Amino acid sequence: MFGTRWKRLLLFYFVLEALSRVATGAIHVSVRVQIGAPAVLLVWGPSRTPGILAQVEQSLAGELRKQFRHWEFQPGGETRQVELCFRLLEKQPETLAVVLEHQEAADLVQQVAEEIWLAPGELAIRGGYPVASEAASSLSHAFLTFIMGRHKSRIEEILRQRVPVATEGQWDDQNRVVLPLAWENFKELRNSLFELACKSSSNEKLRLISHGQEQNGVFKPPPPNPSYSALALMPRKEVLPNGERDLTSDDFSRLRGQFIHLLAFLKEVRPPDNWDIFSPGGAP
Amino acid sequence: MSPATTTARPWLNLANLLVVTTAGTLSLIWCLYFTDYLPQILTLLGMGGVFSWLALMLNVLTEGRRKHIQAKLEDILLDHHWTWIGAMLSLAVGCFWAVEHGTLILSAAGDESDRQVSLIPEREVGTGSSSIQQEILNGRGRRKFLLAVPRFGEARYRLKIDGLPAKWVQVCALRRRVVASPDSFYRRPVVLVRPSAGLSATLENPREQWRLAIKHQGTDLAQVESYRGEPLWIGCDEDVELPELLLNRWRLELASSSTKEQAMVRWMAPRSPLPELELRAKDSIRVVLYSGTEPQPVAEAEAVVRPVSRIQDFPQEVRIDVRH
């Protein structure tokens, strides 16, 4: 238990370190596909493999966007801060496995899920290795079926714990933190629970449990961009190594002055208390 | 026999008798030794077969008339010089013909199946010539083939029995060469290239083009285009049956990798891109598999041809697989 907590703290530190360099906006989760099966690479050939991988990454990123719409996903390995790496492995000759790994720093790799795609003996009776012309579709299908289909909640948990939905915030006059998440798109999170990871200019770190607010705030991006209605959070508690502490009004004045870097993690999605009334056949 | 003539020239009668008897006997001995036709010839000489009607007609004749005819024939045969001359000439022509032929004896003592046999002279292989001798060899049977050779010389024939690898046989004039089927056909180096079960299934996919290059002693010998993962015979014909021992080995291999036996279906109809290639022990064979227009090989395998000392060594299997 103690070890797990320290591991989390370490991960948290790395996330903060990496993300402190990000100026504004949400983190894009890189979606990468790696082939750890030399046989498959030989069947595809070196000139066709990059194209196949790009197609699969594109397809998986699209599907992840559909399934986890509070986070941004980007195919390929451009943004290296957070990465979901889908891997195809040949565990033993003619036995293919699909694996999902979550990577935050170069040396911090965590396996999220692993499933056998083609068990021993199945390869020969199920069409062999995927050939180049149909590799993208069959590989995407395998990842969608075996990884995203069977481990959706685990992936969501990883995203909630590791990937912030916003990487900045602004204090408003009600001691709320307004995230750069447009109200129109994120108002369904107005009752959800967040964790704000804050960092001061003197490198002091702080974690705050915050609740979404029924009333939207106004986010003011740097000029010339116009202000817009955005999701606002109310920090309630500070997370300490040995527990939690309720925030007082004194804390807010300290927080507002010192903590400039901020990451907002979605800890728990809670449906709003009063759902919008749906108006059949017309806009509200 | 006419008493007048036999008493007049007894030496001629004796000479004719001796020469005709000797020539006939030698001919029958040759037929017995070199051909399968003796039973038919004896049937004819004994007035059986198609001459049965003649025998019937002779029985219709009275004793006196038959004796009269026999006497006349005896006169014609024994009392003229042309009889012994003719017999000697016939013998000479027969010998002249015999020294240009040798016999191949095929013994199928170890084979239950009836099989078609074809024999092609070396010079006519691949020409589509009509001088191909085709016969049926019965299971557990034995058959003699009289084959043309140079005078007092020898000739090479391509002996092909359905389901067995072709074999080159050397036939000598006035000699018999015995070949046992099927054992002696398996005692020659033949290579069977076979993809692994997984690779074979992959190659079967029609959405990808595969080609296989075969090199012999470092030289490109053949390119198999549109390769679909079948096993390939190198050095024998397509119709060669897969030995049961080999099939059992494949079954064990599939079982050990938990693969269902149905995967073996892909291996049951081998192709033969190089049926005429004669492999020798220590030859090197290299096969390289390519995908589409990719220059990098998907898989490759290499083997040095082993001498075949036992039937169990046939064929030498070369397994091709992707690197895992």
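The legends below describe close-up views of a predicted model with chains A and B.

**View 1. The domains of chain A and chain B.** Chain A is divided into two parts, domain 1 (28–160) and domain 2 (164–268). The C-alpha centres of domain 1 of chain A and domain 2 of chain A are 34 Å apart. Chain B is divided into domain 1 (3–98), domain 2 (101–186) and domain 3 (191–320).

**View 2. Domain 2 and domain 3 of chain B.** Between the C-alpha centres of domain 2 of chain B and domain 3 of chain B there are 28 Å. Where these domains meet, seven residues of domain 2 of chain B are in contact with seven residues of domain 3 of chain B. On the side of domain 2 of chain B that touches domain 3 of chain B, four residues are nonpolar, one is polar and two are charged.

**View 3. The contact between chain A and chain B.** Chain A supplies 22 residues to this contact, and chain B supplies 25 residues. On the side of chain B that touches chain A, helix 8 (residues 197–203) of chain B gives the most, with six residues. That side of chain B is made up of twelve polar, seven nonpolar and six charged residues.

**View 4. Strand 9 of chain B and its two partners.** Strand 9 (residues 210–216) of chain B pairs with strand 13 (residues 284–291) of chain B in the antiparallel sense, over seven bridges. Within this pairing, Trp210(B) has Ser291(B) as its bridge partner in strand 13 of chain B. Strand 9 of chain B also runs antiparallel to strand 10 (residues 219–224) of chain B, and five bridges join them. Here Lys215(B) stands opposite Asp220(B) of strand 10 of chain B. The hairpin of strand 9 of chain B and strand 10 of chain B has two residues between the strands, and Gln217(B) takes a positive phi near 55 degrees.

**View 5. The largest nonpolar core.** In soluble globular proteins, nonpolar side chains tend to be buried together. The largest nonpolar core in this model has 119 residues. Among the residues with the most contacts inside this core are Val40(A), Val43(A) and Leu179(A). Helix 4 (residues 132–148) of chain A gives the most to the core, with eight residues.

**View 6. The surroundings of Val43(A).** Leaving aside residues up to four places away in sequence, Val43(A) touches Tyr129(A) and Val131(A) in chain A. In chain B, Val43(A) touches Thr202(B), Ser291(B), Val298(B) and Val322(B). Ser291(B) is also the bridge partner of Trp210(B).

Key
Residues are numbered from 1 along each chain as its sequence is written. Chains are lettered from A and ligands numbered from 1 in the order in which they are written. This is a predicted model: local features need pLDDT of at least 70, side-chain atom pairs count only at pLDDT 80 or more; totals for chains, interfaces and linings use all residues. Two residues are in contact if their C-beta atoms, placed from the backbone, lie within 7 Å. Helices (H or I, at least four residues) and strands (E, at least two) are DSSP runs, numbered from the N terminus. Ala, Val, Leu, Ile, Met, Phe, Trp, Tyr, Cys and Pro count as nonpolar, Asp, Glu, Lys and Arg as charged, and the others, Gly among them, as polar. Two strands pair if DSSP finds at least two bridges between them. Domain bounds come from an automatic or database domain assignment. A nonpolar core is a set of buried Ala, Val, Leu, Ile, Met, Phe, Trp, Tyr and Cys residues joined through C-beta atoms within 7 Å. A residue is buried if 20 or more other C-beta atoms lie within 10 Å of its own, exposed if 12 or fewer, and partly exposed in between; C-beta atoms are placed from the backbone.
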